[in-house]
Amino acid sequence: MSEGLQQKRVVVVGAGWAGLGATYQLAKQGYDVTLLEAGAYPGGLVAGWQTAAGKSVEAGIHGFWYPYRNIFSLINELNINPFTTWTRSSQYSPAGLEVESPIFQDLPRLPSPLGTFLYTQFQRLPLVDRLSALPLLYAVVDFDNSDAAWRRYDFLTARELFKDFNVSARLYREAFEPMLLVGLFAPGEQCSAAATLGMLYYFILAHQSDFDVVWCRGTVGEKIFRPWVERIEKAGAKVLPKRRVTDLIIDSNNRAKGVVCGDEVFDADAVIFAVGIAGIQKIVSTSASLQSREEFRNLSNLGAIDVLATRLWFDRKIDIHRPSNACFGFDATTGWTFFDLNALHDEYKYESGTVIEADFYHANQFLSLNDAEIVSIVQRYLATCIPGFRQAKVIDSSVIRLPNAVTHFAPGSYRYMLPAKTSFANVFMSGDWIANRHGSWSQEKAYVTGLEAANLVVSYLKEGTPAEILPVEEDEAHIQVARSLNQTLRNLGKSILPEFWLP
């Protein structure tokens, strides 16, 4: 390492997937990196902790899907083994079991989306309703994750999208809206059609195996972030918890030269923000330098969604068909999931009773209830899905309320989402809500944008080697042909017809 490289200081704000990814990459390049985390420990909302009784809890369970190519590459580099095997999932409504998903990669691969359509085991949904989704394939082809496609579909709600393409009411109610409630965390009338198409394509429709998922064998904080932070600190970075950023110091050349945390100032040659929407809004509210820029003021137009994470310990073993389960129809605007932690987590493998994690998304109506009321509702819902829970007794529980916890991809929100580059020459953005073209979602997108921000720092400071970012698997041949033909026809239409229709 050159002496000049050692003197280049980078401050990263936020220690989730994006912030840890950027910090790790830059520390390996020899930069002097300081990672600031407002919470008590790295990991943000993904990290877990222990109760007073020494039991592990976390702010919701996080899955790792087949297309998470960059996260899986990181896991291999860290030489850790945090994951379960590929896990089958079920879906329940108040009427009982609705859907079971196979391990798609174990079945003969069919052209997308035939495998998803044919191999998924629907218990009640009639074939005629499932066939009503076929016209929607045009929108899947037309939405290519470009900036133009986002702007074309973002003002439309998901519900309007499905209605416009004549998806049956039952298919929407029993298949698509449940996916939205646990994928984009909101009902269809509150979700951007662009985000809906991007999420469905990435997790389900692009390739047959995309819906295959593994889970962490404990909390993500314990199994992944702890060894990762150790590697980061060994590379020379400083990880500082309980540091809430309040402002930036900007010089006359439009560059950030310091990050302010109350009475502390951290000198910087470059700054990376790696926080969620609620976090960046708090920082902007106290920062005169960020408030001076319209792009940051406009972040007040973005929103976030409430999450409720519960963990229940029962006095007996209960037979649960699948370890991971999604549920719909219990509340009109709330989706929820439940997990058999005896099957997923090492800690509870030999527990004498059943341990369940039940997480609720768009859970604003639950947050004001007391813990006992929430636990009662959760047990009642579980018993509706699996009757064995009716006679079981809850012997311990954890209730974690998470207001404004996850990104709300609301209709019309795309225009306010920041790209990685900002109007400050050396301030870069990352996180799952950043506008980028990689095509990934959720944790994978957060990690990828962290690497992208690190690469922008390397380019700006002209030292080091950019991180290799694995692209999403390319579209299958028939999708590529369809998209090429669609774009040709779209361009031809623009050259012939005046643009007087509202997009």
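Colleague: Leaving aside neighbours within four places in sequence, which residues is Trp228 in contact with?

Modeller: Bear in mind that this is a predicted model. Once those neighbours are set aside, Trp228 is in contact with Trp17, Leu20, Gly21, Tyr24, Leu74, Leu78 and Tyr447. Each of these pairs has heavy atoms within 4.5 Å, so they count as contacts.

Colleague: And what makes Trp228 stand out in the largest nonpolar core?

Modeller: That core has 134 residues, and Trp228 is one of the four that touch the most other members, along with Trp17, Phe64 and Phe273. Helix α10, residues 193-205, gives the most to this core, with 11 residues. There's also a second, separate core of 28 residues, which includes Leu308, Ile318, Trp336 and Ala363.

Colleague: Which residues of helix α3 are buried, and what covers them?

Modeller: Within α3 (residues 69-78), the buried ones are Asn70, Ile71, Phe72, Leu74, Ile75 and Leu78. Their cover includes α2 (17-28), β5 (63-65), β9 (213-215), α11 (220-234) and α17 (442-461).

Colleague: Is Asn79 buried or exposed, and how do you know?

Modeller: Exposed means over 50% relative accessible area. Asn79 has 68%, so it counts as exposed.

Colleague: How about Asn254: buried, partly exposed or exposed?

Modeller: Asn254 comes out at 24%. Buried would need under 20% and exposed over 50%, so Asn254 is partly exposed. Asn254 also has a positive phi, near 65°, and lies in the loop between β11 (247-250) and β12 (256-261).

Colleague: Why is the bond between Ser112 and Pro113 called cis?

Modeller: Look at omega, which is about 0° for that peptide bond. Most peptide bonds are trans. Pro113 is in the loop between β7 and α4 (114-119).

Colleague: How do you know whether the radius of gyration of the whole chain agrees with a compact globule?

Modeller: For 503 residues, a compact globule would be near 23 Å, and the chain has 23 Å, so the two agree. The C-alpha atoms fill a box of roughly 70 × 65 × 40 Å along the principal axes. The chain has 18 helices and 20 strands, and 56% of its residues count as buried.

Colleague: What share of the contacts with a separation of 6 or more comes from residues 24 or more positions apart?

Modeller: Those residues account for 71% of them.

Colleague: How far apart do the centres of the positive and negative side chains lie?

Modeller: The centres lie 1 Å apart, for 46 positive and 54 negative side chains.

Methods
Residues are numbered from 1 along each chain as its sequence is written. This is a predicted model: local features need pLDDT of at least 70, side-chain atom pairs count only at pLDDT 80 or more; totals for chains, interfaces and linings use all residues. Side-chain values use heavy atoms; hydrogens and water are left out. Helices (H or I, at least four residues) and strands (E, at least two) are DSSP runs, numbered from the N terminus. The radius of gyration is taken over C-alpha atoms; the globule rule is 2.2 Å times the number of residues to the power 0.38. Buried means under 20% relative accessible area, exposed over 50%, partly exposed in between (1.4 Å probe, protein chains only). Lys and Arg count as positive and Asp and Glu as negative; His and the chain ends are not counted. The place of a charge is taken as NZ of Lys, CZ of Arg, CG of Asp or CD of Glu. A nonpolar core is a set of buried Ala, Val, Leu, Ile, Met, Phe, Trp, Tyr and Cys residues joined through side-chain atoms within 4.5 Å.
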